[in-house]
Number of protein chains: 6
Amino acid sequence: MLKNTNLHADKPCLITGQSFQLPEKLVQDLIDNALREDFGRMGDITSQSVIPEDAIATVVMAAREDGVIAGLRIAEQTFKTLDRDLDITLHIADGETVTAGTELMTVSGNARAILMAERVALNFAGRLSGVASKTAEMVQAAGAHKATICSTRKTTPGLRMVEKYAVRMGGGMNHRLGLDDAVLIKDNHIAIAGGIVPALESAKQNVGHMVKIEIEIDTLAQLEEVIATGIADVVMLDNMNCDDLRTAVNMIDGRLLAEASGGVTLKTVADIAATGVDLISVGALTHSVTCLDIGLDFKA
Amino acid sequence: MLKNTNLHADKPCLITGQSFQLPEKLVQDLIDNALREDFGRMGDITSQSVIPEDAIATVVMAAREDGVIAGLRIAEQTFKTLDRDLDITLHIADGETVTAGTELMTVSGNARAILMAERVALNFAGRLSGVASKTAEMVQAAGAHKATICSTRKTTPGLRMVEKYAVRMGGGMNHRLGLDDAVLIKDNHIAIAGGIVPALESAKQNVGHMVKIEIEIDTLAQLEEVIATGIADVVMLDNMNCDDLRTAVNMIDGRLLAEASGGVTLKTVADIAATGVDLISVGALTHSVTCLDIGLDFKA
Amino acid sequence: MLKNTNLHADKPCLITGQSFQLPEKLVQDLIDNALREDFGRMGDITSQSVIPEDAIATVVMAAREDGVIAGLRIAEQTFKTLDRDLDITLHIADGETVTAGTELMTVSGNARAILMAERVALNFAGRLSGVASKTAEMVQAAGAHKATICSTRKTTPGLRMVEKYAVRMGGGMNHRLGLDDAVLIKDNHIAIAGGIVPALESAKQNVGHMVKIEIEIDTLAQLEEVIATGIADVVMLDNMNCDDLRTAVNMIDGRLLAEASGGVTLKTVADIAATGVDLISVGALTHSVTCLDIGLDFKA
Amino acid sequence: MLKNTNLHADKPCLITGQSFQLPEKLVQDLIDNALREDFGRMGDITSQSVIPEDAIATVVMAAREDGVIAGLRIAEQTFKTLDRDLDITLHIADGETVTAGTELMTVSGNARAILMAERVALNFAGRLSGVASKTAEMVQAAGAHKATICSTRKTTPGLRMVEKYAVRMGGGMNHRLGLDDAVLIKDNHIAIAGGIVPALESAKQNVGHMVKIEIEIDTLAQLEEVIATGIADVVMLDNMNCDDLRTAVNMIDGRLLAEASGGVTLKTVADIAATGVDLISVGALTHSVTCLDIGLDFKA
Amino acid sequence: MLKNTNLHADKPCLITGQSFQLPEKLVQDLIDNALREDFGRMGDITSQSVIPEDAIATVVMAAREDGVIAGLRIAEQTFKTLDRDLDITLHIADGETVTAGTELMTVSGNARAILMAERVALNFAGRLSGVASKTAEMVQAAGAHKATICSTRKTTPGLRMVEKYAVRMGGGMNHRLGLDDAVLIKDNHIAIAGGIVPALESAKQNVGHMVKIEIEIDTLAQLEEVIATGIADVVMLDNMNCDDLRTAVNMIDGRLLAEASGGVTLKTVADIAATGVDLISVGALTHSVTCLDIGLDFKA
Amino acid sequence: MLKNTNLHADKPCLITGQSFQLPEKLVQDLIDNALREDFGRMGDITSQSVIPEDAIATVVMAAREDGVIAGLRIAEQTFKTLDRDLDITLHIADGETVTAGTELMTVSGNARAILMAERVALNFAGRLSGVASKTAEMVQAAGAHKATICSTRKTTPGLRMVEKYAVRMGGGMNHRLGLDDAVLIKDNHIAIAGGIVPALESAKQNVGHMVKIEIEIDTLAQLEEVIATGIADVVMLDNMNCDDLRTAVNMIDGRLLAEASGGVTLKTVADIAATGVDLISVGALTHSVTCLDIGLDFKA
């Protein structure tokens with residue numbers, strides 16, 4: 001469980017999960033944006049007109065189904081954004097596995113502030129825990145092979161980095177975070193560039209020495225060409241069956257990293273992992289997520 | 001199918017779907033934000049280093065499974081944001097039902113621009129079509145009763161309005177868009193306010209005459225109290241079984257709108273609708289969505 | 001007088017006046033914007049070049065004419081924005097009636113900070129107290145009838161919400177806060193839609209169930225049509241004389257709310273209120289306001 | 001009348017009135033902000049639900065009382081912001097004097113766009129024409145003396161520059177635009193600095209050579225001291241009676257500019273001007289403004 | 001040395017150097033912007049993956065060559081932006097002259113925070129100390145004449161105000177801060193306006209009474225014309241040789257300020273100053289700056 | 001010379017130099033920011049008060065000394081930002097070498113717009129051409145060895161990306177663009193992590209497979225340790241003499257990239273390059289730059 005409790009509004013630091021830190025400003029911007037779209041001009045007119053301004057409440061956020069938790073500190077920060085004086089205790093850290101009924105967080109203080117933050121806090125925690133839970137399931141299904149489960153760029157617009165964070169909390173790793181942190185040459189690039197060799201050479205010549213180069217292929221003949229150039233750091237073996245993947249791994253022989261992609265499901269992932277590939281990338285970790293059911297209950 | 005094609009970057013107008021218009025600035029901000037998180041400092045370094053600057057391409061966006069389309073104009077605008085000179089034709093309008101293989105959009109022009117926008121455009125179209133498709137399924141399952149299917153505030157942080165739009169494209173309607181456009185008194189409000197009557201009276205007294213008031217209850221005894229005050233415009237019947245719902249509808253007798261909520265699934269929605277309620281609200285329309293599979297293919 | 005003192009820069013909460021809360025961010029943005037236009041590149045070059053950096057001063061803000069105060073907490077926050085360590089005491093709360101000479105606020109601390117904030121703080125307090133005072137006058141003139149005095153959308157660009165707040169402080173209520181929180185069908189809508197009935201039916205069909213519908217008419221014949229549809233929640237009786245207003249109120253017989261608008265002045269408002277209308281809307285509460293004279297004096 | 005028509009959204013230029021240009025970005029930000037507070041999440045839900053998307057209308061903006069017009073190009077730009085394809089003709093230029101009934105502008109095109117922009121466009125034009133009209137009245141009342149009528153920093157928060165522009169359109173000039181474009185030493189500065197001489201010397205020493213220095217005094221003894229230093233460029237004679245003003249002008253003898261301030265009204269301004277002062281500054285030009293009544297009528 | 005230590009993130013005040021205060025928001029925006037371009041999506045992935053989250057370090061910032069220091073408080077604020085709990089001691093104040101080896105600042109606390117801020121803090125301190133050092137050299141070279149050394153508008157885009165501040169720290173003064181704080185009529189203005197007299201008269205008529213007017217000339221004949229109008233406050237004698245400058249100073253005879261510009265170097269500045277001009281403006285103070293070498297060392 | 005002319009305000013595309021594209025939004029934000037700090041509230045009050053609004057001018061931007069040009073399209077875009085209708089012809093492309101007197105760009109159109117943009121346009125072009133020229137000098141001095149000249153993170157705050165672009169225009173390459181695009185383990189990381197091996201292993205374990213890892217060392221013993229782990233992609237040989245560099249290159253034997261850093265000057269760079277290192281990084285390319293002298297002349 002995370003030890004640090006350094007995320008609060010008066011201290012510009014970072015959400016931490018293992019070695020993946022979310023910039024505080026990024027997180028605060030997401031929260032502010034989500035609150036803004038919920039508040040409109042006036043905020044919670046129900047609480048303002050019905051709840052006394054100085055009413056106090058205590059609420060408990062709890063999981064209503066089994067899963068892996070992520071985004072709890074974002075939920076905490078959402079409450080803090082409404083009222084810095086709320087008293088908040090986290091009972092669970094991001095990355096922990098919980099069962100239905102597990103209490104995640106207790107929040108005490110101004111009732112209006114709690115009610116105004118409730119929905120946004122739950123929307124973050126539910127969605128990110130959904131991503132973490134899905135990732136954990138896939139990692140477990142992949143079994144004890146060396147293959148790392150990776151997310152892709154098929155993320156929810158605007159939530160790229162927090163979803164990447166949730167993948168890490170679920171035990172996965174991340175591929176490129178965006179278009180500019182590494183080269184990934186795909187079929188269309190190859191076609192327009194006039195082939196694998198010119199594409200790789202052009203990339204090599206034009207990007208700096210601190211940038212990795214990956215290329216996507218779908219035949220073993222292409223793989224041979226890739227290996228021959230000695231330029232690529234990683235090869236993506238797209239939609240290959242397990243036999244071809246196994247052959248590819250043998251051909252590569254450790255000279256570059258082998259990544260399997262395409263058609264990865266809970267059912268197929270173990271077989272793919274067994275082929276010896278280094279990485280398996282899975283779009284569904286982020287593009288099709290069922291929120292983990294998390295609720296908030298008022299304590300008498 | 002929509003006739004207007006007035007969404008382009010040099011004209012500050014609106015995305016239109018029936019009578020639900022998304023403000024242009026809201027849409028453009030979402031697109032810019034999604035592109036920014038994908039581009040980082042440099043944008044698509046692969047295309048920049050591999051694809052000639054003046055290369056031309058034509059791509060077709062197509063559905064890879066059956067569903068209802070939403071967000072196509074947002075995808076179009078994503079491409080236009082990269083290069084206003086791209087030639088784009090929409091073959092389908094938001095709200096239309098398609099089958100796997102249906103071509104949705106053709107884009108021609110600068111290859112780098114197309115490649116840079118591709119992923120973000122697909123992320124929008126896939127997610128919003130997922131929401132529309134899920135809504136359409138629920139509407140169909142509800143059958144030919146008068147009940148309207150409504151979305152809730154359980155939306156993806158930052159995407160509230162476009163998901164609400166997608167719900168409309170799928171044939172649903174929307175409940176409150178946020179905390180400030182209507183009063184919705186829930187159990188905790190009632191508890192803190194000291195009962196249904198003081199809660200309703202306090203709301204009535206404090207909000208303007210153009211604001212509707214809804215109250216959530218879970219017993220028929222509470223319903224009686226609500227009806228007696230004559231204040232509420234709508235009553236939310238939370239987690240009631242169908243017998244109670246039917247009784248509630250009879251008690252209400254058209255004096256206020258009856259909304260069913262809680263435990264609504266594709267299996268239960270028809271029975272709930274059959275009780276005669278006016279509205280059925282369903283969180284899952286937005287909180288747990290499988291992206292509709294939409295892809296982009298280069299044409300030779 | 002308000003008890004809460006929870007508006008300060010290190011606590012993201014809300015300005016409160018009765019049940020109308022101004023979002024902290026909205027208020028802070030207005031203050032920052034006003035300071036920015038006054039400061040330009042360098043801020044107060046006079047104080048910087050003439051006043052020692054550590055000079056201390058105590059100033060008193062006082063009313064120089066009778067009126068109702070609003071915006072005092074915004075003035076306070078303006079000073080706090082310059083220097084959080086200023087010692088500020090409010091002697092009066094928003095909504096209170098004062099006479100010329102009444103001390104409103106005492107500020108002690110860094111002299112440069114006080115001098116830099118002075119003009120902006122006074123500009124806010126003077127203008128909003130002007131709105132509150134004008135509203136209070138109108139409310140008083142309307143007499144002991146049930147009619148509520150309402151402001152309109154004829155507000156100063158950029159100050160909509162704080163002026164709406166000042167109206168509340170003066171004892172008035174607010175009509176729509178903007179174009180999207182309720183439907184208000186006017187003559188031009190009716191003309192383009194092809195009549196009262198199609199306009200109301202189209203509105204009914206296209207907006208959600210949590211949105212109220214008002215329609216503006218100017219003849220009793222139109223009123224009959226409106227009542228017959230059973231769709232409108234409120235009817236605006238525009239520029240009708242008092243006889244017609246009285247007839248209209250009788251025709252309506254409590255089935256919907258009656259709002260009088262047009263030509264409302266301190267002289268006419270009592271007669272209008274006496275017709276039995278529920279609401280009287282007055283553009284002049286916000287569009288033509290004389291600042292309440294409020295000044296700042298240095299104490300020896 | 002202004003010839004240039006260069007203010008439109010696709011050309012980043014400037015609003016021009018004589019030699020006072022409002023930066024385009026400043027104007028556009030004001031408009032966007034005003035539209036945003038009016039639109040909320042959804043914009044004009046009435047027009048969206050009642051008016052067909054392709055309905056066309058023509059409207060005429062006209063003065064309903066006599067006055068001097070200012071802000072017409074801002075109103076025009078407000079319409080253009082909604083729909084660049086609106087056809088707009090200005091019949092009057094900012095700075096022109098009109099009588100009740102004068103047509104100011106004709107707008108033709110998409111009906112929804114016109115209806116969405118209407119209120120904000122009128123709020124700008126009405127308020128700024130109010131400032132221009134009030135200024136023109138004061139200038140006329142001052143008579144044919146050399147004294148220039150100046151506005152102060154008592155402006156509406158957020159509207160400083162457009163109100164300064166409107167003052168120019170009404171025939172006035174402007175004093176400091178903010179705290180940083182010139183030095184103005186007031187009584188409190190003098191008190192803290194330890195007298196007129198140290199205050200002036202400190203200012204002289206600390207600001208650059210391109211910055212003017214003014215000092216506020218209220219006795220002739222102080223004036224003598226100011227003149228003796230030879231540092232001030234301008235002296236503000238605060239709340240002096242006309243005899244003292246006349247004496248002061250004689251004492252100054254053209255060595256620095258003489259500005260009268262305090263208690264300036266339509267009744268007193270001519271006498272003050274007759275004393276021979278160079279400048280008369282009037283807070284009421286901007287702090288207490290009655291909007292000029294301007295309306296919008298649909299043409300059949 | 002500066003006494004005040006009032007720059008920290010939880011107090012919205014000002015950086016102070018003598019009488020030149022940098023607005024806090026301006027400084028914080030520069031820091032945030034510089035950190036953002038260095039952090040990208042994720043910040044310091046090296047420290048995150050290599051340094052334990054709770055590692056503590058102490059570092060000393062020291063000058064590695066002789067010079068005048070400026071920007072130290074901006075460097076301090078950069079560290080504070082990463083972690084408000086860092087313990088920072090400044091050993092030197094902006095404006096002080098140091099020798100190689102002088103310790104400037106000690107920072108203790110979270111190692112990751114220190115490492116993340118290091119480069120940006122050094123980039124600010126190095127550059128601004130470079131400007132201050134260059135200015136100090138020029139001031140010293142000018143010798144004991146009355147001439148003030150001024151910077152120009154040839155500043156680094158985005159850093160105008162902090163470079164102007166550094167010039168002050170180095171003992172220089174500033175000319176216009178931008179295009180709007182004073183009039184400076186140059187050769188092209190004169191040409192288009194049709195001569196010196198119409199240009200000066202047009203300026204006089206169109207700007208307010210608080211704005212100074214300077215005109216650039218390059219012949220003594222032009223100077224005569226300028227003096228005759230009695231309008232200009234300052235005259236810029238551009239690229240004149242020392243004989244002409246001396247003649248010009250005599251002709252002017254104290255009626256307006258004389259500024260020399262063009263071709264000012266460490267070698268020529270003393271001779272120019274000896275001509276008796278009031279001001280010497282030097283673009284190179286800001287446009288061609290060698291960073292002062294400042295480094296950061298970890299203490300065991 | 002560049003063929004594409006796709007940078008203009010109505011087309012959201014990219015500045016292109018070889019394969020390094022600057023995002024349009026980044027460039028426009030820099031320009032807007034630079035104009036804003038120059039314009040203040042009012043923009044160019046000199047031109048507004050002296051130059052007729054419709055005056056027309058033609059100006060030529062020319063190099064006044066020899067060098068390599070960069071930033072010309074940013075200068076062009078600066079003019080276009082003021083007035084899209086300016087007629088601009090580029091005679092030279094970024095990356096070209098010019099001699100004193102070479103005409104770079106001709107701009108015709110509204111005189112006020114040209115004068116308002118002049119200084120900012122020149123500030124960009126002068127500075128970036130300074131960076132490009134300095135880089136080109138260093139590249140030439142390095143001679144015909146394989147070593148690539150790289151810039152560092154010692155850039156001007158806020159100008160990181162445009163300076164990196166200018167380095168490319170001068171023939172150099174770039175190291176990391178920021179803290180998050182690759183791992184660079186320095187001495188302090190090693191010290192805190194407990195040695196080279198744990199530092200490298202920790203990095204390897206915690207970053208994704210698309211991220212390169214470099215480590216800085218200063219002894220050959222350390223180098224041996226680095227090579228043995230097989231983890232690093234690049235090794236930075238810091239402040240080593242040429243003999244040690246040569247030995248290091250031999251030890252490495254192509255297994256990873258060798259980068260020399262520290263003490264690189266025009267005098268030493270050839271010897272360093274001759275040691276066979278792959279890369280030489282030079283902070284001075286960006287941290288200490290003399291602007292290339294570029295001026296603007298009006299044509300009769």
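Which side chains meet in a salt bridge at 2.9 Å, N to O? They are those of Asp38(B) and Arg160(A). A salt bridge here is a side-chain nitrogen of Lys or Arg within 4 Å of a carboxyl oxygen of Asp or Glu. This is a predicted model: local features need pLDDT of at least 70, side-chain atom pairs count only at pLDDT 80 or more, and totals for chains, interfaces and linings use all residues. Residues are numbered from 1 along each chain as its sequence is written, chains are lettered from A and ligands numbered from 1 in the order in which they are written, and side-chain values use heavy atoms, with hydrogens and water left out.

**Where chain B meets chain A**

- Chain B gives 59 residues to the contact, and chain A gives 59 residues. Contact means heavy atoms within 4.5 Å.
- The area buried between the two chains is about 4,700 Å², and carbon and sulfur atoms give 59% of that area. Buried area is the accessible area (1.4 Å probe) that two parts lose on being put together, summed over both.
- On the chain B side, Glu37(B), Pro157(B) and Leu179(B) lose the most area to chain A, together 14% of what that side buries.
- Between chain B and chain A there are 31 residue pairs in polar contact, both residues at pLDDT 80 or more. A polar contact is a pair of N or O atoms within 3.5 Å; within protein, one must be able to donate a hydrogen and the other to accept it, and residues adjacent in sequence count only if both atoms are side-chain atoms.
- Several elements of chain B give two or more residues to this side, including helix 1 (24–39), helix 4 (111–142) and strand 15 (288–290). Helices (H or I, at least four residues) and strands (E, at least two) are DSSP runs, numbered from the N terminus.
- Helix 4 of chain B gives the largest share of that side, 7 residues.
- The side of chain B that touches chain A holds 30 nonpolar, 18 polar and 11 charged residues. Ala, Val, Leu, Ile, Met, Phe, Trp, Tyr, Cys and Pro count as nonpolar, Asp, Glu, Lys and Arg as charged, and the others, Gly among them, as polar.

**Strands and sheets**

- Strand 15 of chain A runs antiparallel to strand 15 of chain B, and 3 bridges join them. Two strands pair if DSSP finds at least two bridges between them.
- Val289(A) has Val289(B) as its bridge partner.
- Within chain B, 7 strands form an open sheet in the order 9-8-14-13-12-11-10, with parallel pairing.
- Strand 9 (173–174) and strand 10 of chain B stand at the edges with a single partner strand each, so one side of each has no neighbour in the sheet.
- Strand 10 pairs with strand 11 (residues 213–217) of chain B over 3 bridges, in the parallel sense. There, Val183(B) stands opposite Ile213(B).

**Salt bridges**

- Side chains of opposite charge can pair when their charged atoms come close.
- The rule finds 48 salt bridges over all chains, and 4 across the interface of chain B and chain A.
- Asp38(A), Arg153(B) and Arg160(B) are linked in a network of salt bridges.
- Arg153(C) and Asp38(D) meet at 2.7 Å, N to O. Arg153(C) lies in a loop of chain C and Asp38(D) in helix 1 of chain D, so the pair joins two chains.
- Arg153(C) is buried at 9% relative accessibility, and Asp38(D) is buried at 0%. Buried means under 20% relative accessible area, exposed over 50%, and partly exposed in between (1.4 Å probe, protein chains only).
- In chain E, Asp297(E) forms a salt bridge with Arg64(E), with the closest N and O atoms 3.1 Å apart. Asp297(E) is in strand 16 and Arg64(E) is in a loop, so the pair ties together parts 233 residues apart in sequence.
- Asp297(E) is partly exposed at 38%, and Arg64(E) is partly exposed at 44%.

**Buried places**

- Ile45(B) sits in helix 2 of chain B and is buried at 9% relative accessibility. Among the residues that Ile45(B) touches are Leu179(A), Val183(A) and Val207(A).
- In helix 3 (residues 72–82) of chain C, 11 of the 11 residues are buried, so the helix is largely enclosed by the rest of the structure.

**Positive phi**

- Most residues other than glycine have a negative phi.
- Asn239(A) has a phi near 55°, a positive value. Asn239(A) is exposed, at 55% relative accessible area.
- Asp253(E) has a positive phi of about 50° and is exposed at 60%.

Technical notes. Lists of a residue's contacts leave out its neighbours within four places in sequence.
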